[in-house]
Amino acid sequence: MEEELVSDSGELRHKAWSKLRSLEIVQLTTGDRRGQLHSCPLVIQRADFDGVLWFFVARSSDVASDVERDPRVSVSCMDISDGFYLSASGAARLVQDKAIARELWSFMSKAWFPGGVDDPELMVLKVSVDHAEAWDSDSNTMVRFFS
């Protein structure tokens with residue numbers, strides 16, 4: 001049975017957040033109104049080293065309605081090329097703030113929100129991570145680096 005390690009090192013946190021930035025896309029899991037888990041790919045607009053992930057979602061999306069009902073979410077991603085696997089959970093909230101949207105905006109966002117930061121469907125989703133683990137493939141262990 002593998003042993004779980006708890007890391008107080010900022011090194012693993014820095015590596016994980018840097019990897020999130022380079023991967024760009026994660027799976028976000030929410031709970032729907034029937035209590036079923038639902039996952040969808042989302043583009044990370046920004047990953048802060050203090051444990052905050054930022055996304056854009058559509059106001060009319062299932063993600064937005066799920067988060068309004070239950071803010072608990074899970075984020076997961078992997079990069080099999082270097083054995084990186086991450087699972088994080090926390091609280092999400094919808095933010096309607098054009099200044100934040102402008103700060104996070106990228107050319108790629110226009111594909112989903114053709115109206116830019118003024119698009120009526122554009123909502124910012126802020127996920128405050130309270131727990132995260134990464135699989136350390138070298139030692140075959142799960143390492144908790146954010147809790």
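Let's start in a loop: Asp 32 sits between strand 2 (25-31) and strand 3 (37-48), with helices (H or I, at least four residues) and strands (E, at least two) taken as DSSP runs numbered from the N terminus. This is a predicted model, where local features need pLDDT of at least 70 and side-chain atom pairs count only at pLDDT 80 or more, while totals for chains, interfaces and linings use all residues. Residues are numbered from 1 along each chain as its sequence is written, and side-chain values use heavy atoms, leaving out hydrogens and water.

Asp 32 is buried, as its relative accessible area is 16%; buried means under 20%, exposed over 50%, and partly exposed in between (1.4 Å probe, protein chains only). Leaving aside residues up to four places away in sequence, Asp 32 touches Asp 66 and Arg 69, a contact being heavy atoms within 4.5 Å. Arg 69 is 37 residues from Asp 32 along the chain, with 8.2 Å between their C-alpha atoms.

A pair of aromatic rings is described by the distance of the centres and the angle of the planes. Here, rings of Phe, Tyr and Trp (its six-membered ring) pair if their centres lie within 6.5 Å; planes under 30 degrees apart count as stacked, over 60 as edge-to-face and the rest as tilted. The structure has two such pairs. In one of them, Phe 56 and Trp 105 have ring centres 5.7 Å apart and planes at 45 degrees, so the pair is tilted. This pair links distant parts of the chain, 49 residues apart: Phe 56 is in strand 4 (residues 52-58), and Trp 105 is in the loop between helix 3 (98-104) and strand 7 (122-136). Phe 56 is buried at 7% relative accessibility, whereas Trp 105 is partly exposed at 25%.

Phe 56 also pairs with Phe 113: the ring centres are 6.3 Å apart and the planes are at 80 degrees, so this one is edge-to-face. Phe 113 lies in the loop between helix 3 and strand 7, 57 residues from Phe 56. Both of these Phe residues are buried. Put together, Phe 56, Trp 105 and Phe 113 form one aromatic cluster.

## Cysteines

How many disulfides does the whole structure hold? A search finds zero, with a disulfide being a pair of cysteine sulfur atoms within 2.5 Å. Cys 40 is buried, with a relative accessible area of 14%, and Cys 77 is buried at 10%.
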